[in-house]
Each structure stands twice: as structure tokens, then as C-alpha cells.
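Me: I have a model open and would like to learn how to read its features. Could you take me through a few of them?

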Amino acid sequence: MIKALAHAYQQNNNSGFGVLWNGGGAIGSRTVDNLAYEELNEFLNIYLRDLGAANNKFITFGGSRGGVTALNLASHPSVTAIRVAFAYSSVPPNEISEYGSYTCTTVPLLLYGSDWSTGFFGSWRKSFIHPSGYGKSDFAGLDGLSSHLKALTGTSNFQEVAANFNTLTSAKINKLVSNRTQIFLEMASHDYIVPSIDQFK
């Protein structure tokens, strides 16, 4: 990011601002929770006011979890403070609702995705039931996939996740089209978490 800003300044004598955002605060969040984007939008309003940055010249980029974040920054309904002109997204995990069907022993490293989200080792197993305790009563009786979705999005309802949290929802695509956001999507085999089928979709 610093190199890109320096290059823009050297070529055009234009300054810019960079924001490194680890939305959600941890790898387990995958940055798909709506609250993360609502809080980011509040920050961007302060940022624009205090630094005078143009709100229609934003570029987002990232890989893997950062890739889906780059797309969501451009398309999320709660991000109204800025218009993303260009989004560079490398190997983004697009369909959060499908990860339960991708998770299996033939993709062993993907098994940890559920563990990162739920905080429990082996939560990918079909026999897993969330051991709810203090502050976790809303997880009571949920299986591994439901616990995984609940931790990532705030809901365990599969249809709600598919309709509102996947990157390819109609509302998000419509926002990208109406904002005329240019997108560069990179597919690659080096990401051990994001299955190739999800990248193809």
C-alpha cells in the first residue's frame, strides 16, 4: 500500500491516504459480520471529515479474507460513506453459506475454518454440539455448521446467510453496478482455505 501511494505521488504529484483494516479483529471473523461494516462506515465518516479525502476515489485490495473484504467494502449496503472506484480481490471466499459442504477430510486445512470461528477444536465433525456456557446461550444446541455461521454472521439461518452475507447477493451486485465499480478478480491455487470451486463461482 505504501509503495502504491509513493508511486502515485511520484508519477502524478498527487497525495493519498491508506487505511489498513483488519475488520472483525481476528481471522475467525472473516469480516462478514454486518456490525464490522457499520463501525467501519462510522470511522470513514470521521476520516473523510478530518482528512478531507475524496469519498469517490477509494481503491480496495486484499487476498483471501482480505479479498472478500475488498469486495464487501465496495458492495456492502452499510458502507455509504465512500464509493469504491476499483476493487482488487485475490482468492476471495465468496459463498460463506457453502463452507459446510466444502469442509471434509479431503480438504484437511479447511477443517480449521470452523474451529477458528467457533473456538472449539473438532467443531467440523457432524457430531459436534456447541457446549454453550456463560454468554453463549444463543449457541445452545447448535451443531458445528450452525455454530460456524452464527459466529461469522450473527445468524445460524442458512437461507439468511445465503441471501445477505454471501458476496454474490443481488443487493451487493446491484451496488457494484450502480457505483460502476471496476473489479479485478484473481484466482489462484496457493490459498489453502478457499476452495477453487468457490473462486470459480
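Reply: Let's begin with burial: buried means under 20% relative accessible area, exposed over 50%, and partly exposed in between, with a 1.4 Å probe and protein chains only. Helices (H or I, at least four residues) and strands (E, at least two) are DSSP runs, numbered from the N terminus. This is a predicted model, where local features need pLDDT of at least 70 and side-chain atom pairs count only at pLDDT 80 or more, while totals for chains, interfaces and linings use all residues. Residues are numbered from 1 along each chain as its sequence is written, and side-chain values use heavy atoms, with hydrogens and water left out.

Me: Which residues form the covered face of strand β1?

Reply: In β1 (residues 58–63), Phe58, Thr60 and Gly62 make up the covered face, whereas Ile59, Phe61 and Gly63 lie on the uncovered one.

Me: How many bridges join β1 to strand β2?

Reply: Two strands pair if DSSP finds at least two bridges between them. Here β1 and β2 (residues 84–90) run parallel and are joined by six bridges. Gly62, for instance, has Ser89 of β2 as its bridge partner.

Me: What about a helix that packs on another one, such as α3 with α8?

Reply: Two packed helices are described by the angle between their axes and the distance between the axes. Axes are lines fitted to C-alpha atoms, for helices over the stretch in contact, and angles run from 0 to 180 degrees between N-to-C directions. For α3 and α8 (residues 170–178) the angle is about 70 degrees and the axes are 8 Å apart. The two helices are therefore roughly perpendicular, a label for angles of 65 to 115 degrees. Contact means heavy atoms within 4.5 Å; Asn72, Ala74 and Ser75 of α3 meet Lys172, Lys175 and Leu176 of α8.

Me: Where would I see a helix that is largely enclosed?

Reply: Look at α6 (residues 144–153): eight of its 10 residues are buried, so the rest of the structure largely encloses it. Among the buried ones are His148, Leu149 and Leu152, and the buried residues pack against α4 (99–102), α5 (111–118) and α7 (158–164).

Me: Is Asn56 buried, exposed or partly exposed, and what does Asn56 contact?

Reply: Asn56 sits in the loop between α2 (34–51) and β1 and is partly exposed, at 37% relative accessible area. Leaving aside neighbours within four places in sequence, Asn56 is in contact with Arg83 and Ala85.

Key: Angles under 35 degrees count as roughly parallel, over 145 as roughly antiparallel, 65 to 115 as roughly perpendicular and the rest as oblique.
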